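Have the structure open and follow along.

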Amino acid sequence: MHTLTLEEELARARELSVDELADAIESIGFECTRCGACCTRDGDDDHTATVFPDEVRRLEDATGREWRDVARPMPYGLTETDEGLSGETFEWALQTDACGDCVFYEEDDAGRGACVAHDDRPLICRTYPFSVALGGTSQPMGEAVDEEGLVRAHECEGLGRDISREDAEELAQALKERAVRELEEAIAVRDTYRPADPDPGEVVVHDSEGAKRADGSPLEE
C-alpha cells in the first residue's frame, strides 16, 4: 500500500471540496454547547491545542500579550529534568493557566465557557471537533467517534445537533484551510530542521520559521 508523501497529502488537501466537507458536517451535526471541555485540562493532562507561528503573533497583537503568554512549547517528547523541561519539540501549543486550562478560557457566572480571544482563535479551535482524514494524516485530537467521507468527528457533547448550511460551510472552509496549513507547516519544519543541542532546562521548538527558544525568539540570535 502506497504511503502518501507530505507533498501528495498537501495536493489532496488543496483539492478538498468545501461543499462536500459541509455536506459531511451537516450529516454528522454539531452545535457548540459552551461546555468548555475542549478548552480545559483533561484529567492529568494540561490542555493542548496546536497553534501556528503566525497565529501566535495575531493573538499577541489582539491581546497585547507576549509570545510566552500566548504559546508554550508542545510538551510531547520533552524531558523533565531538575532544571525544568528540556529537549526539542516541533509544535507550539496555546499557553495554559495554573489549572492546566487554556489561558484564553473563561466561564461566566452560570458556568458557560467563553474564549476571550474568540475572533482570533487558532484554526484548530475554529474547527473542533472535526478533522480531515487524508492518507497518512495523524489525528491530533484522538480517535474519531463518528465519520462521514473524509470528515472525522471527535468526542464532543455538541455532536449530533442541527447545524445550518451557512455554519456548516463556514466550518468546512476553516477545516480545509487547517488541513492545508498543517501540511504546509509540516513540510516547512522538515525542510528547515537542523538538530539542536539544548542545555538542561532549555527547550528548542522547531517550527516552519526555524528553531526558536521557548519565548519565541530565534535560537540563532
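Let's start with aspartate 19, which counts as partly exposed at 45% relative accessibility. Bear in mind that what you are looking at is a predicted model. The side chain of aspartate 19 meets that of arginine 165 in a salt bridge, 3.9 Å from N to O. Aspartate 19 sits in helix α2 and arginine 165 in helix α6, so the pair ties together parts that are 146 residues apart in sequence. Arginine 165 is partly exposed too, with a relative accessible area of 27%.

Across the whole structure, a search finds 17 salt bridges. Three of them come up in this report, and here they are side by side.

| Salt bridge | N to O distance |
|---|---|
| Arginine 165 and aspartate 19 | 3.9 Å |
| Glutamate 184 and arginine 14 | 3.0 Å |
| Aspartate 207 and lysine 212 | 2.6 Å |

Take the pair of glutamate 184 and arginine 14 next, whose closest N and O atoms are 3.0 Å apart. This one links distant parts of the chain: glutamate 184 is in helix α6 and arginine 14 in helix α1, 170 residues apart. Both ends are partly exposed: glutamate 184 has 31% relative accessibility, and arginine 14 has 48%.

So what about the buried residues of helix α1? In this helix, which spans residues 6-14, they are Glu9, Leu10 and Ala13. They cover an arc of only 100 degrees around the axis, and that is why they end up on the same side of α1. What do they pack against? The answer is α6 (165-192).

A hairpin of 2 residues connects β11 to β12. The salt bridge between aspartate 207 and lysine 212 belongs to this part of the picture, and both of these residues are buried.

Elsewhere there is an open sheet of 3 strands, in the order β1-β5-β2, with antiparallel pairing. Its edge strands are β1 and β2 (71-73), each pairing on one side only. Between β2 and β5 (residues 92-94) there are 3 bridges, and arginine 72 has alanine 93 as its bridge partner.

Two spots in the backbone deserve a look. Most residues other than glycine have a negative phi, and most peptide bonds are trans. Arginine 34, though not a glycine, has a positive phi of about 60 degrees; this residue is in the loop between α2 (18-28) and β1 (50-51). Tyrosine 128 and proline 129 are joined by a cis peptide bond, with omega about 10 degrees. Proline 129 lies in the loop between α5 (123-127) and β8 (130-132).

Conventions
Residues are numbered from 1 along each chain as its sequence is written. This is a predicted model: local features need pLDDT of at least 70, side-chain atom pairs count only at pLDDT 80 or more; totals for chains, interfaces and linings use all residues. Side-chain values use heavy atoms; hydrogens and water are left out. Buried means under 20% relative accessible area, exposed over 50%, partly exposed in between (1.4 Å probe, protein chains only). Helices (H or I, at least four residues) and strands (E, at least two) are DSSP runs, numbered from the N terminus. The arc is that of the directions from the helix axis to the C-beta atoms. Contact means heavy atoms within 4.5 Å. Two strands pair if DSSP finds at least two bridges between them. A salt bridge is a side-chain nitrogen of Lys or Arg within 4 Å of a carboxyl oxygen of Asp or Glu.
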